Amino acid sequence: GCKQSTYFLILIILINAVLFADQNLLAPVLTPIAREYGWVELDTNGNPIWEFDENLNETVVKVDGAKRDLFLGGYITAGFWIIGGIASLIVGYLADTVNRR
């Protein structure tokens with residue numbers, strides 16, 4: 001009845017919130033992750049370029065934005081998308097073929 005429909009609606013909303021949480025959690029920490037992996041801009045002598053970060057209120061190594069965006073913003077998120085797509089196909093197939101009773 002109506003109670004069961006409400007339960008399933010809430011369940012689907014919670015599942016989608018968990019499924020897409022990784023997309024929103026990664027964006028704010030892309031720069032610190034890139035700095036941790038050493039993806040920084042270098043001068044002509046191969047030394048890291050330093051800059052003042054107003055948010056941290058300290059001098060930090062300047063991150064290579066193109067490399068950060070390619071690896072963290074591109075490859076990792078594409079990996080989540082591909083794995084999620086494959087998992088969805090498998091679970092969808094099993095949901096149609098496996099007897100749940």
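Mentor: Start with lysine 62, which is partly exposed at a relative accessible area of 30%. The bands are these: buried is under 20% relative accessible area, exposed is over 50%, and partly exposed lies in between (1.4 Å probe, protein chains only). This is a predicted model, where local features need pLDDT of at least 70, side-chain atom pairs count only at pLDDT 80 or more, and totals for chains, interfaces and linings use all residues. Residues are numbered from 1 along each chain as its sequence is written, and side-chain values use heavy atoms, with hydrogens and water left out.

Lysine 62 has a partner. Its side chain meets that of glutamate 41 in a salt bridge, 3.9 Å from N to O. The pair links distant parts of the chain, 21 residues apart: glutamate 41 is in the loop between α3 (30-36) and β1, and lysine 62 is in the loop between β2 and α4 (65-97). A salt bridge here needs a side-chain nitrogen of Lys or Arg within 4 Å of a carboxyl oxygen of Asp or Glu. Glutamate 41 is also partly exposed, at 27% relative accessibility.

Now the hairpin. Strand β1 covers residues 50-53 and strand β2 residues 58-61; they run antiparallel, joined by 4 bridges. Two strands pair if DSSP finds at least two bridges between them. Helices (H or I, at least four residues) and strands (E, at least two) are DSSP runs, numbered from the N terminus. Across the pair, glutamate 51 stands opposite valine 60 in β2.

Look at the turn. The hairpin has 4 residues between its strands. Asparagine 57 sits in that loop. Its phi is positive, about 60°, although it is not a glycine. Most residues other than glycine have a negative phi. Asparagine 57 is exposed, with a relative accessible area of 59%.

Next, the other salt bridge. The whole structure holds 2. Aspartate 69 pairs with arginine 68, with the closest N and O atoms 3.0 Å apart. Aspartate 69 is partly exposed at 41%.

Finally, the setting. The chain has 4 helices and 2 strands, in the order α-α-α-β-β-α from the N terminus. Its C-alpha trace spans about 70 × 25 × 15 Å along the principal axes. Buried residues make up 11% of the 101 residues. Take contacts (heavy atoms within 4.5 Å). Among those between residues at least 6 apart in sequence, 43% join residues at least 24 apart.
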